[in-house]
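Please look at the sequence and the structure before reading on.

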Amino acid sequence: MTLTRRRFLTLAGATCAATRLTAGTPVAVWRGTALGAGAQVVLSGLSEDEATPIFRAIEAELSRIEGLFSLYRADSALSRLNRDGVLHAPDPDMLALLSLAREMYHATEGAFDPTVQPLFAVHAKAAALGRTAWPDEIAAAQDLVGFDRVTMDESSVRLRRSGMALTLNGIAQGYATDRLSGLMRRQGLHDVMVNAGEIRAMGRLNGQGWPVRLPSGRSLALTDRAVATSDAAGTMIAASLGVGHIFAPNGGTGLRAGPISALHDSAAVADAASTAAVVLPDDRLHLLGKVGVDLLRA
C-alpha cells in the first residue's frame, strides 16, 4: 500500500498566473519532490538560466531534509530513531523541528502529537488485511502515544517506551517550506512562492499577493504568509473502511469533517496547527489563536 500525503493547496495555476501577472518580468519555476510528493518553487524576477544554481541549492537542501525526516527511507534519521529508540548526536534541524513539535504539543494541549505513528501502523496493518483494527490492537498502540515520553538534547533524542515511533508528516513539510524560504532569502531573493507540501509566500508577484486556491475553491492572495490545509479524509488508508491518515492522540474517532486551513508566518506552525485543528473540538480551537494562527474552514 502506497500512501501519498495530502496535497490540498495549489498554486492557482502558478505558471499561468505568473505569465499573466508579471507583464514581462521574468519568472523561473523549479519543480521536483519534497518528502515523497510534488513540490514547486516560483522565483519572480529571475530567468531560468539565472535560477539554475538556485535550483541546485533547492535540490541539495531537500535531499538533506529527506535524509532527516522521511518515514520511507530506512537510512533517514527519523527511521533510525523509530527503529532504535534513540538517535545520538542529532542534527540541529532535527532538534529544531522536534522542539517546535513540542511547543505545538503543549500549545494544543496534546492535540498535535507526533507519537501517533503506532496508531497509524496498527490501522494500516489491519487495512492491509481487509479489516478494521480490533479494540485491543488500538489500546496497545494507544499506550505508546504521548510526546511527553520523548526526551531530547544535543547529545540524543530518546523514545522512552519500547515500541514508540514518531511521524513528522504533520509538520515536516511545513518545516521544509520554511527552510527553502530561508534559503531563498539568503540568496537575496524577496519575491518567491515555495510549496514543499505547504505553501509560503515571500514578497509579491508583480505587486500583487501570490495566488493560492483552497480546497473549497476560495482563492487567497498571500504576502509574507504561509498556509496549510488538513482533512481527515484527504488521504485514506482504507477508503472502504473509512480509515483516514489523521489520528486523535487520545484514540478518539470524532475528527472534524472536511478540510480546514491554517495561516501563520511559519509554514511549519501552520502545518501543525491544521493537523491539530482536525482533532480539536470547536470549543478548543481558540488554542490555536494563542500561537498566532488564523483558521479558515474550507
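Which residue forms a salt bridge with Asp265? Arg225 does, and the closest N and O atoms of the pair are 3.1 Å apart. A salt bridge here is a side-chain nitrogen of Lys or Arg within 4 Å of a carboxyl oxygen of Asp or Glu. The model is predicted, so local features need pLDDT of at least 70 and side-chain atom pairs count only at pLDDT 80 or more, while totals for chains, interfaces and linings use all residues. Residues are numbered from 1 along each chain as its sequence is written, and side-chain values use heavy atoms, with hydrogens and water left out.

**Helices H2 and H7**

- Helix H2 (residues 48–69) packs with helix H7 (residues 172–186) at an angle of about 150 degrees, and their axes are 10 Å apart.
- That angle makes H2 roughly antiparallel to H7 (the term applies over 145 degrees).
- Helices are DSSP runs of H or I with at least four residues, strands are runs of E with at least two, and both are numbered from the N terminus.
- Axes are lines fitted to C-alpha atoms, for helices over the stretch in contact, and angles run from 0 to 180 degrees between N-to-C directions.
- On the H2 side, the residues in contact (heavy atoms within 4.5 Å) include Ile54, Ile58, Glu61 and Arg64; on the H7 side they include Tyr175, Arg179 and Leu183.
- The residues of this contact divide into twelve nonpolar, no polar and three charged.
- Nonpolar covers Ala, Val, Leu, Ile, Met, Phe, Trp, Tyr, Cys and Pro; charged covers Asp, Glu, Lys and Arg; the others, Gly among them, are polar.

**Salt bridges**

- The count comes to 13 salt bridges.
- Asp91 and Arg64 meet through their side chains in a salt bridge of 3.7 Å, N to O.
- Asp91 lies in the loop between strand E4 (86–88) and helix H4 (92–107) and Arg64 in helix H2, so this pair ties together parts 27 residues apart in sequence.
- Glu61, Arg64, Asp91, Asp93 and Arg179 are linked in a network of salt bridges.
- Arg297 pairs with Asp282 in a salt bridge whose closest N and O atoms are 3.2 Å apart.

**Accessibility**

- Asp91 is partly exposed at 28% relative accessibility (buried is under 20%, exposed over 50%, partly exposed in between, with a 1.4 Å probe and protein chains only).
- Arg64, at 30%, is partly exposed.
- Asp265 is partly exposed at 48%, whereas Arg297 counts as exposed at 51%.

Technical notes
Angles under 35 degrees count as roughly parallel, over 145 as roughly antiparallel, 65 to 115 as roughly perpendicular and the rest as oblique.
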